[in-house]
Amino acid sequence: MKRKLLIAATFLFIACTFTSCKKHCEFCKLVTKDSGGTEVSSGTEAEYCDVELSAFKLANPTIKNPVTGNTTSVECHE
């Protein structure tokens, strides 16, 4: 019985140590484009991963200025 518990504990330990948690990261920046689609300005690109990436995208929705027609949105790439 002790041998089975030792084997199970060893297997569990090995399984936990070899499990990799790969982060999902992207480089994102805020970009403003005019009504014709030409880039007017852009922010500094920064790397965001997992929860920070989701929070950055949620905190910066696409916004269109009704006066100028400029659109500000988040652009990301891996």
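This is a predicted model: local features need pLDDT of at least 70, side-chain atom pairs count only at pLDDT 80 or more; totals for chains, interfaces and linings use all residues.
The link of C28 and C76 is right-handed, with 115° about the S-S bond. Residues are numbered from 1 along each chain as its sequence is written, and side-chain values use heavy atoms, with hydrogens and water left out.

**Overall layout**

- The chain has 2 helices and 5 strands. Both kinds of element are DSSP runs, numbered from the N terminus: helices are H or I with at least four residues, strands are E with at least two.
- Along the sequence, the pattern reads α-β-β-β-α-β-β.
- Of the 78 residues in the chain, 12% are buried. Buried means under 20% relative accessible area, exposed means over 50%, and partly exposed lies in between (1.4 Å probe, protein chains only).
- The accessible surface of the chain comes to about 6400 Å². Carbon and sulfur atoms own 61% of that surface. The areas come from the Shrake-Rupley method with a 1.4 Å probe; for residues, only the protein chains shown count as cover.
- Take the contacts (heavy atoms within 4.5 Å) between residues at least 6 apart in sequence: 51% of them join residues at least 24 apart.

**Disulfides**

- A disulfide is a covalent bond between the sulfur atoms of two cysteines. Here a pair of cysteine sulfur atoms within 2.5 Å qualifies.
- By this rule there are 2 disulfides. Counting bonded cysteines along the chain, the pattern is 1-3, 2-4.
- In the C28 and C76 pair, the sulfur atoms lie 2.0 Å apart. C28 is buried, at 1% relative accessible area. C76 is partly exposed, at 28% relative accessibility.
- C25 and C49 form a disulfide with sulfur atoms 1.9 Å apart. This link is right-handed, with 105° about the S-S bond.
- The C25 and C49 pair links distant parts of the chain: C25 belongs to strand 1 (residues 25-33) and C49 to strand 3 (residues 46-49), 24 residues apart. C49 is buried, at 16% relative accessibility.

**Strand pairing**

- Two strands pair if DSSP finds at least two bridges between them.
- Strand 1 pairs with strand 5 in the antiparallel sense over 7 bridges. The bridge partner of F27 in strand 5 is H77.
- Strand 1 also pairs with strand 3, antiparallel, over 4 bridges. On that side, F27 stands opposite E47 in strand 3.
- Strand 1 and strand 2 (residues 39-42) pair in the antiparallel sense over 3 bridges. K33 stands opposite E39 in strand 2.
- The hairpin of strand 1 and strand 2 has 5 residues between the strands. In this hairpin, G37 takes a positive phi near 95°.

**Salt bridges**

- The structure holds 2 salt bridges. The rule asks for a side-chain nitrogen of Lys or Arg within 4 Å of a carboxyl oxygen of Asp or Glu.
- K57 and E26 meet in a salt bridge through their side chains (3.5 Å, N to O). The pair links distant parts of the chain: K57 is in helix 2 (residues 50-59) and E26 in strand 1, 31 residues apart.
- K57 is partly exposed, with a relative accessible area of 38%. E26 is buried, at 11%.
- The side chains of K33 and E75 form a salt bridge at 3.1 Å, N to O. This pair also links distant parts of the chain: K33 is in strand 1 and E75 in strand 5, 42 residues apart.
- K33 is partly exposed, with a relative accessible area of 28%. E75 is partly exposed, at 30% relative accessibility.

**A buried serine**

- S73 is found in strand 5. S73 is buried, with a relative accessible area of 17%.
- Leaving out residues up to four places away in sequence, S73 touches K29, L30, V31 and T62.
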